[in-house]
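I opened this model to look up a handful of items. My notes follow, in the sequence in which I made them.

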Amino acid sequence: MSELWTEWGDWVVILLRCVFSVAFVMQIVPLLIWGERKGAAYIQDRPGPNRAPIDIPNPLDIPRLLGDVLAARPLVFKPIVSLRAAGLIHTLTDVVKLAFKEDITPDHVEKFYWFIAPVIAMSIALCTFAVVPFGDTFLGHQLKVSDMDGGLLFVLAMTSLGVYGIMLAGWSSNNKFSLLGGLRASAQMVSYELAMGLSAVVVFLSAGSVSLSRIAEVQGQPLSLFGVVEIPALNWNVFSPFGFLAFVLFWVAAFAETNRTPFDLPEGEAELVGGYHTEYSSFRFALFFMAEYANMIVASSVTATLFFGGYNVPLLSPATIREHADLLLGVLGLGAVPAFLTFAVVAWKRQGRPFYSVIPKDDPRQNEPKFFTAVWLGAAGAHGALGVVGFMGGLAALSAWAEMPELGGDLMAVILGITALAVKVLIGCWIMIWVRWTVPRFRYDQLMNLGWKVMLPLALGNVFAAAGWIVLRHELFGPAGGS
Amino acid sequence: MTESVLFYLFSLLAVVSGASVILQRSTIASALSLVVCFFALAADYVMLDAHFVAVVQVLVYAGAIMVLFIFVIMLLNIREPGATPVGTLSNRGIIGLMAAALLGVALIAGLDGLVHTPVTAINVDLQGGQPAYGTIAAMGEELFRGNYLLPFEAVSLLLTVSMVGAVVLAKREV
């Protein structure tokens with residue numbers, strides 16, 4: 001009986017890991033769509049997502065409105081506040097639009113391949129995250145979906161499969177623009193895969209493994225500055241000269257693999273209408289759209305894990321976090337209160353923006369800043385009053401109840417680890433958005449020259465130089481970890 | 001238990017997609033069946049603890065070589081299937097069958113030899129602190145320090161020669 005339970009328990013743990021890693025990627029996607037719009041608006045000085053609101057009715061009207069809902073009458077009310085929430089509502093309306101638009105299947109497409117292409121694109125993008133660790137261990141369980149020996153090679157294999165979605169979409173759409181988009185995508189991705197794989201070899205050499213867990217673990221060790229100062233948990237690969245060059249090459253190749261500007265030739269709208277997804281509408285288009293963002297998230301999380309320590313928090317090694325979990329909880333809990341108060345002040349000050357003097361005085365949008373000030377003040381109050389004490393007491397009670405003294409420390413390490421990874425991923429994604437709205441697209445020959453004549457030789461040379469340095473250091477100073 | 005069920009499922013998928021490669025009439029369907037076949041084989045390799053071979057199978061065959069195949073098919077835009085009737089044996093078919101039979105005999109003979117070898121002889125010693133069989137470390141030891149250094153270098157030289165040859169042949173036209 002207990003054996004059976006253990007086996008079922010294993011399945012549950014595996015399932016939870018899968019759900020988490022898919023959820024991690026899918027939760028960031030809407031945030032990125034919003035970030036892309038805001039980024040475009042700020043960088044190119046054009047209107048951002050500033051329309052779609054949610055109207056909040058006066059609480060006194062709610063009984064009448066409930067009656068209207070039950071009687072299926074149209075809802076008519078004067079809102080007391082109209083929330084645009086910095087444009088976040090736009091993402092919501094986007095989803096509604098994409099889900100309810102007419103799903104057109106043109107007559108001339110190759111049906112089977114046309115249907116599976118977006119599914120392939122999306123599922124491959126989600127699979128790739130399987131080997132990225134989002135923490136070291138939690139109660140003895142590894143924190144990633146699969147602990148296969150392949151590690152980063154699995155990521156490279158999966159990204160190389162991702163091209164099938166785009167190729168099949170382009171080919172099965174049966175028109176010359178889509179076909180050209182698909183051909184461009186396949187040529188581009190095959191070309192940049194080599195540079196991507198070779199630049200990662202430097203990281204393999206310094207960690208002595210291709211497993212992303214091992215690579216992240218090595219980067220959690222202290223960074224030694226000429227043997228004089230030791231900075232804890234900052235042995236990131238990007239701080240070594242070979243690692244830095246490898247990072248630049250890997251990051252450029254990641255842009256090419258995700259088809260982001262300046263490498264977005266497969267969908268170059270000036271030449272190819274919409275490229276490989278010209279014929280797609282409604283949710284099939286949404287799948288391609290989400291796959292692009294999922295690929296961005298996976299590319300940045302792999303880059304973060306390879307070069308920026310992955311789940312490691314700078315200056316706090318996992319051991320330190322476990323040891324001082326209570327102290328950290330206190331600092332973070334108390335630190336949140338001033339942060340929330342600052343947000344409240346910022347929200348209050350937004351009343352002075354020219355927008356609010358342009359719209360009519362009785363416009364429900366006038367109340368937006370006040371509403372958010374109240375929200376942040378409430379958050380600060382709730383957090384200050386019961387948050388810190390409640391969290392700390394709750395954590396201690398939970399550890400005692402489960403008879404697991406290490407639970408609190410592990411929980412803290414996991415939460416901080418996931419947060420650190422998420423912050424690094426978001427910074428990476430923001431750089432991708434920033435680049436997209438700043439630089440123009442490559443010409444095709446420039447793209448091929450950069451891939452084959454610049455990046456490939458640089459990556460190869462980097463591998464040889466790094467390998468030579470590691471051997472030389474071994475000869476001079478004897479065996480030592482890190483790089 | 002679960003692993004053996006999955007192993008046979010993926011083996012079945014490999015056989016079915018392998019058959020589909022030669023039975024499909026449309027070129028692109030054949031090529032994609034081959035991709036599925038490679039994928040199923042990679043899954044089988046994982047079940048056999050050969051993670052490295054599995055990943056390289058997907059990375060090189062499914063991810064690079066087949067992409068180029070499909071690239072060419074798409075570029076030439078071969079949509080109409082050829083008019084070869086299925087069911088009649090041409091000369092080529094007979095030669096193909098003979099080649100397949102020869103390969104089968106060779107495989108069975110090879111497997112027969114393997115079955116009678118004690119497992120420890122194929123497997124790297126698991127207890128002696130050696131890297132486990134099928135991992136990247138074990139593959140590296142075998143290829144660069146073990147018995148296969150000369151064949152490995154010879155093959156890489158051969159590949160370089162063929163690449164240079166291809167470039168020379170293609171450049172002559174321009």
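This is a predicted model: local features need pLDDT of at least 70, side-chain atom pairs count only at pLDDT 80 or more; totals for chains, interfaces and linings use all residues.

**Chain B first**

I began with burial: of the 174 residues of chain B, 19% count as buried. I call a residue buried if 20 or more other C-beta atoms lie within 10 Å of its own, exposed if 12 or fewer, and partly exposed in between, with C-beta atoms placed from the backbone.

Residues are numbered from 1 along each chain as its sequence is written, while chains are lettered from A and ligands numbered from 1 in the order in which they are written.

I listed the elements next. Chain B has seven helices and zero strands. From the N terminus its order reads α-α-α-α-α-α-α. Here helices (H or I, at least four residues) and strands (E, at least two) are DSSP runs, numbered from the N terminus.

I then looked at contact range. In chain B, 47% of the contacts between residues at least 6 apart in sequence join residues at least 24 apart. Two residues are in contact if their C-beta atoms, placed from the backbone, lie within 7 Å.

I checked H2(B) for length. Helix H2 (residues 27-47) of chain B has 21 residues and should span 30 Å at 1.5 Å a residue; its end C-alpha atoms are 31 Å apart, which agrees. The expected span is 1.5 Å times one less than the number of residues. After H2(B) comes Asp49(B), with a positive phi near 70 degrees.

**Confidence**

I read the scores. The model has ipTM 0.74 and pTM 0.83. Chain B averages a pLDDT of 78, and 77% of its residues score at least 70. Residues 118-131 of chain B fall below 50, and beyond near neighbours in sequence this stretch has eleven contacts in the model. pLDDT is the predictor's confidence in each residue, from 0 to 100.

**Where the chains meet**

I counted the contact between the chains: 17 residues come from chain B and 19 residues from chain A. On the side of chain B, helix H3 (residues 51-76) gives the most, with 14 residues. That side has 14 nonpolar, three polar and no charged residues. Ala, Val, Leu, Ile, Met, Phe, Trp, Tyr, Cys and Pro count as nonpolar, Asp, Glu, Lys and Arg as charged, and the others, Gly among them, as polar.

**The core**

Which residues have the most contacts inside the largest nonpolar core? They are Ala121(A), Phe250(A), Ala253(A), Ala294(A) and Val58(B), in a core of 136 residues. Such a core is a set of buried Ala, Val, Leu, Ile, Met, Phe, Trp, Tyr and Cys residues joined through C-beta atoms within 7 Å. I followed Ala121(A). Leaving aside neighbours within four places in sequence, Ala121(A) is in contact with Gly162(A), Gly165(A), Ile166(A), Leu287(A), Phe288(A) and Ala291(A).

**Helix H6 of chain A**

I ran the length check again. The 32 residues of helix H6 (residues 176-207) of chain A should span 46 Å at 1.5 Å a residue, and the end C-alpha atoms are 46 Å apart, which agrees. Of the 32 residues of H6(A), 25 are buried, so the helix is largely enclosed by the rest of the structure. Gly208(A) follows H6(A), and its phi is positive, near 70 degrees.

Asn259(A) has phi near 55 degrees. Asn259(A) sits in the loop between helix H8 (241-257) and helix H9 (269-272). Is Asn259(A) buried or exposed? With 25 C-beta neighbours inside 10 Å, Asn259(A) counts as buried. Ser282(A) also has phi near 55 degrees. Ser282(A) lies in helix H10 (residues 282-307) and is partly exposed, with 16 other C-beta atoms within 10 Å.

I turned to Ser213(A), in helix H7 (residues 212-219). Ser213(A) is buried, with 22 other C-beta atoms within 10 Å. Not counting residues up to four places away in sequence, Ser213(A) touches Pro133(A), Gln142(A) and Lys144(A).

I ended with Arg365(A), in the loop between helix H13 (354-358) and helix H14 (368-401). Arg365(A) is partly exposed, with 17 C-beta neighbours inside 10 Å. The C-alpha atoms of Arg365(A) and Pro79(A) are separated by 9.2 Å, though the two are 286 residues apart along the chain.
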